[in-house]
Amino acid sequence: MKQIRTNFKFAFKISLANFIILVIFANNSFSNDITDEAKDLYIEHRNSVYQIQIVNNATGKKSTIGSGFQISKDGHIVTNFHVVSSAIHSPEDYRVEFIRSDDTIGSAQILDIDVVHDIAIIKSDPNESSFFHLGNSDIEKGTKIFSMGNPHDLGMTIVEGTYNGLMKESLYKKILFSGSLNPGMSGGPAFNRKGEIIGINVSTAGNQISFLVPVEFLSELFKVAKTKSVTKSLSWDAVIERQLSKNQNDYFNKILSSNWNNLSIGNVEVPGELTSAFKCWGNTPEVQYTLFKSADIFCSNEDVLYLSSNLWTGEMLFRYKWMYSTGLSTFRFYNLYENQFKEKYDYPNAKKKSDVTNFKCQTEFVNINGMDWKIGLCSRNYKKYRSLYDINLSMSSVGEKMEGLMVELVALGVNKTKALDFIYKFIGNIKWQK
Amino acid sequence: MAKVVFEISHSNWFGKDYKAFDTSFISIGRGYQNDLILFDTHVSNKHLLITQDQDGWIVEDLQSDNGLHINNSAAKVKKAKIKSGDKLTIGRTHLRIFSPEHPIPKTKLIVQTNKFLKRLSTPVNVCSTAIGMLLLYAFETLYHSPKDILIQKLLLSSVGFLFIAVIWAGIWAFVGSVAKHKARFFFQLAISCFFMFCIIPFTNFSSYLGYYANSQTIEGISYIILLGGSIFWLLSSNLLIATNISRKSRLFVSIFIPIALIAIITLSYFAFKDDFNTYPYSNSTLKPPLVRSFPSKSIDSFIKNGSEIFIFNKNELKQQ
């Protein structure tokens, strides 16, 4: 599996936690001295933490491993959505099993999911195992917390670390946990000294930078889930689509109602950080020619929603490229300008025909605040979640002979109305300064 | 300049065919070694030999089975002197022999097509076409480069294209030496250089046209017409110089090959059109703002039209 990250030629390597713990191999593991406190907590809770494995029905071999923990005596077990996603998308091919601390195997059914916050609740038969109580994540920065899980299938471990508050600049609230989470620990519990759940292990950016899903989202989901019983005929696609739609609707309402920070590149004023979740980076290409110059700005929200190993969504990014001639004739300049314009974002978020359609495009000349632009607008539909589209807006100024700005906007998993509203506001904010 | 033109007709055919020859000796028969090959079972393998004379031609029967009749006479002729306008009958085929100066419009036409090629193939013109082509390709390389390049390097890069032209001309010179016992390499070189010289402005013209009309269809059609026309001209000229095949067959071959190429390209476009790809292909041509041919839309009408790209049909949404 690959790292999930943006694929721009000039996408910068500085990037926050865009990736899922399962698909990342962390750097050198960090060894904590196991204090007695951790030892006591481990002994107390080891029977409520499980290894979750997704087993292929045809071969009987596991295809994915993660961790999980029990939160009720009725057998409710919590893990990440991304751990059990293959069992959700193809229930006929995969089943969910969990392994207790004494190596006995139990089977479980998926009860409910929160795809936006990457939580899944699975249910096994009621049992006598001890279970965790849910706490809250509103605690002081610097508080010592503990995380358990089964890294790289090496056996159950406990990791000590520090609570470092909620990430302010993320679209989806996440706890920054300074401790080492490793692949296989996804879905494991993070708890305080009293053994109350603070969050769920979800991802890492390596080097002790790890992320937890705040427990509040779990409490909310559990409130509904505990009244439910397992129904096999349930279509998870509809549930996922509903959750994604609601999420993107709220998100776009927030973007559309906020005041955008405008940037300027060359002669043009353009939208910059749309909300605090966006970050912009500036760059001048390493190879510079004497006959023309260029400069880039790249902005993205750095938040992705994992749907399956072949599909993710929720991300938005846009780039600007300013080019001007310092010695080329207008014909040669436009030839280079055209070559740059032909390079489009190659959507890495969906690589399978079963997930999305091909792009459908149209091209127009549009006058925006006094300047002529050539605009190509493309969209492709998600096949399982038909109200959602991936969007590509790619535009280039065509009114000046020796200079020009190219803009490319990529938005994943948007509905039609919000996409058009957003594009309307976005292009309306592009102002060519005379 | 053609030296002799034949008007060929057959009792079972509809219409007439014309062929021009520029050699002093023309052999006629059913066999492939002949200059004028007749697909008539009543014609012998080697039937006639026509030799140019001072004010006409001498025709000689090469001991054929069915003999030679001149101007509908019933008598078989072994050897005779003929003049422009005379009619020869061999087997069931009728041949009228014309001098290019003969006042019949069709012979004029045949002779005229050669005029441009004839002029193109003078040593001065062959050289200037080749040099022009070299310079044009050098300019084209510079046009696509972000930095200035030394003229020597530019010329070196376009020598490759000249090499292609030379190989193409070589192939046809070989065909010519087999079919007509005359290679005429410089003639062929002039044709291939001229062809390569033309396709660059044609390609650029199409993409400018497509840009200002904001239509890939117009760009495609213009490209097909210009490129198809150029290939047609190239092949028919090559064939004209290298072979003695009839005008009909020449037209057929030179129309058929470009159409077949276009058909293959169109077919492969439709064959792969629906294949899955993750790339948003939109019309991305950009040209300098020289003419304002397009009316720019307002943002509102752009957004209004934008909803069309969100419509996908059942077939496109099929999961497998």
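Chain B has a mean pLDDT of 86, with 94% of its residues at 70 or more. The model is predicted, and its scores are ipTM 0.80 and pTM 0.79. This briefing covers the interface of chain B and chain A.

**Extent of the interface**
- On the chain B side, 51 residues are in contact with 66 residues of chain A.
- About 5,600 Å² is buried between chain B and chain A, and 62% of that area lies on carbon and sulfur atoms.
- Three residues, L286(B), F302(B) and F310(B), supply 14% of the area that chain B buries against chain A, which is more than any other three residues supply.

**Polar contacts and salt bridges**
- Between chain B and chain A, 29 residue pairs are in polar contact, counting pairs with both residues at pLDDT 80 or more.
- The interface of chain B and chain A holds 4 salt bridges.
- A salt bridge joins the side chains of D148(B) and R332(A), with N to O at 3.1 Å.

**Make-up of the chain B side**
- Four helices of chain B each supply at least two residues of the side that touches chain A: α2 (123-143), α4 (185-212), α7 (299-306) and α8 (314-317).
- The most is given by α7(B), with 6 residues on the side of chain B that touches chain A.
- By residue class, the side of chain B that touches chain A has 23 nonpolar, 16 polar and 12 charged residues.

Key. Residues are numbered from 1 along each chain as its sequence is written. Chains are lettered from A and ligands numbered from 1 in the order in which they are written. Side-chain values use heavy atoms; hydrogens and water are left out. Contact means heavy atoms within 4.5 Å. Buried area is the accessible area (1.4 Å probe) that two parts lose on being put together, summed over both. A polar contact is a pair of N or O atoms within 3.5 Å; within protein, one must be able to donate a hydrogen and the other to accept it, and residues adjacent in sequence count only if both atoms are side-chain atoms. Ala, Val, Leu, Ile, Met, Phe, Trp, Tyr, Cys and Pro count as nonpolar, Asp, Glu, Lys and Arg as charged, and the others, Gly among them, as polar. pLDDT is the predictor's confidence in each residue, from 0 to 100.
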